Amino acid sequence: MKEAVEPDLPPRTDSILYCELSAEERVIYETLRAATQRDIVAKLGGGASVMAALEALLRLRQAACHPALVPGQIADTSSKLVELLAALDRALTGGHKALVFSQWTSLLDLVEPHLRAAGVDFLRLDGSTRDRGTVVERFQAEDGPPLLLISLKAGGTGLTLTRADHVFLLDPWWNPAVEDQAADRTHRIGQTRPVMVYRLVATDTVESRILALQEKKRALADAALGTGGSAGGLTREDLLSLLD
């Protein structure tokens, strides 16, 4: 365990920031949920793999984050973004530096205009970043920007970002090991302050249901990433329970 190998590390505290979908978001979500349920039932009934059925959950998971991620929908903001911006304001006003992770660069794209409107200086690191070292160096500088937006694929591992002591996981990845790897960008040797890790979860959506199911069936962690991993251990009933 990390506590045994690195006993001098400051504590890490994990919390969940719940947000309620607005009435408009709920209509979009429930409409998509009904369609997704039919799709998953059809896939499973047709002999498709569990992973193929999991892929049908992608849009539903995105709808829980921001309506604009759903094809055909237009929205300036979302309930989850409102919660994120409020939490970031508290953290940055308190003199902290923060990391914001998402598995979707399209969601980071939707966050950026709000940061600019609020006058928040930030950096970004994703698959299109050519000079990762310069971005990390600027963020790690004492007078560097207080916020770094990161895509999971580009920055989930291999980076040291100990200037930050707040981590926001904008969309749950279900796999605790992946979430821990993201948090470990700052909770590692060189960190001198307690680290706060926040998972943003939309209530009464597939996000909260997956977290609940995760407690009973840890195999869901690898299967529900949506970008790969084994689907072993997931049953037809597990998948359908995510949509109830």
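Here are some friendly notes on this predicted model, point by point.

1. Let's start with the whole protein. The predicted model has 12 helices and 6 strands. Of its 244 residues, 51% count as buried.

2. Now find helix α2, residues 23–45. Just after α2 comes Gly47, whose phi is positive, about 90°.

3. Which residues of α2 are buried? They are Glu25, Arg26, Ile28, Tyr29, Leu32, Arg33, Thr36, Ile40 and Leu44. Take Thr36 as an example from this helix. Thr36 has a relative accessible area of 5%, and the cut-off for buried is under 20%, so Thr36 counts as buried. Leaving out residues up to four places away in sequence, Thr36 touches Ala56, Leu57, Leu60 and Leu243.

4. Next, look at a pair of helices. Two packed helices are described by the angle between their axes and the distance between those axes. For α5 (residues 79–93) and α6 (residues 105–117), the angle is about 55° and the axes are 11 Å apart. That angle is why α5 is called oblique to α6. The crossing of α5 past α6 is right-handed. On the α5 side, the contact is made by Leu81, Leu84, Leu85 and Leu88, while α6 brings Leu107, Leu110, Val111, His114 and Leu115. By type, the residues of this contact are 8 nonpolar, 1 polar and no charged.

5. Stay with α6 for a moment. Its 13 residues reach 19 Å from first C-alpha to last, close to the 18 Å expected at 1.5 Å a residue. The buried residues of α6 are Leu107, Leu108, Val111, Glu112 and Leu115. What do these buried residues pack against? Their partners are α5 and the strands β2 (98–102), β3 (122–125) and β4 (147–151). Just after α6, Gly119 has a positive phi of about 75°.

6. Here is a backbone detail worth a look. Most residues other than glycine have a negative phi. Asp204, however, has a phi near 55°, a positive value in a residue other than glycine. Where does Asp204 lie? You will find Asp204 in the loop between β6 (195–202) and α10 (206–216). With a relative accessible area of 42%, Asp204 is partly exposed.

7. Finally, compare two loop residues. Thr162 lies in the loop between α8 (152–155) and β5 (166–169), and Ile189 in the loop between α9 (176–183) and β6. Are they buried or exposed? Thr162 is buried, with a relative accessible area of 14%, whereas Ile189 is exposed, at 65%. In sequence Thr162 and Ile189 are 27 residues apart, yet their C-alpha atoms are 8.0 Å apart in space. Apart from neighbours within four places in sequence, Thr162 is in contact with Gln140, Arg185, Thr186, Arg188, Ile189, Gly190 and Gln191.

Terms used: Residues are numbered from 1 along each chain as its sequence is written. This is a predicted model: local features need pLDDT of at least 70, side-chain atom pairs count only at pLDDT 80 or more; totals for chains, interfaces and linings use all residues. Side-chain values use heavy atoms; hydrogens and water are left out. Axes are lines fitted to C-alpha atoms, for helices over the stretch in contact, and angles run from 0 to 180 degrees between N-to-C directions. Helices (H or I, at least four residues) and strands (E, at least two) are DSSP runs, numbered from the N terminus. Angles under 35 degrees count as roughly parallel, over 145 as roughly antiparallel, 65 to 115 as roughly perpendicular and the rest as oblique. A crossing is left-handed if the near helix is turned anticlockwise from the far one by less than a right angle, and right-handed if clockwise. Contact means heavy atoms within 4.5 Å. Ala, Val, Leu, Ile, Met, Phe, Trp, Tyr, Cys and Pro count as nonpolar, Asp, Glu, Lys and Arg as charged, and the others, Gly among them, as polar. The expected span of a helix is 1.5 Å times one less than its number of residues. Buried means under 20% relative accessible area, exposed over 50%, partly exposed in between (1.4 Å probe, protein chains only).
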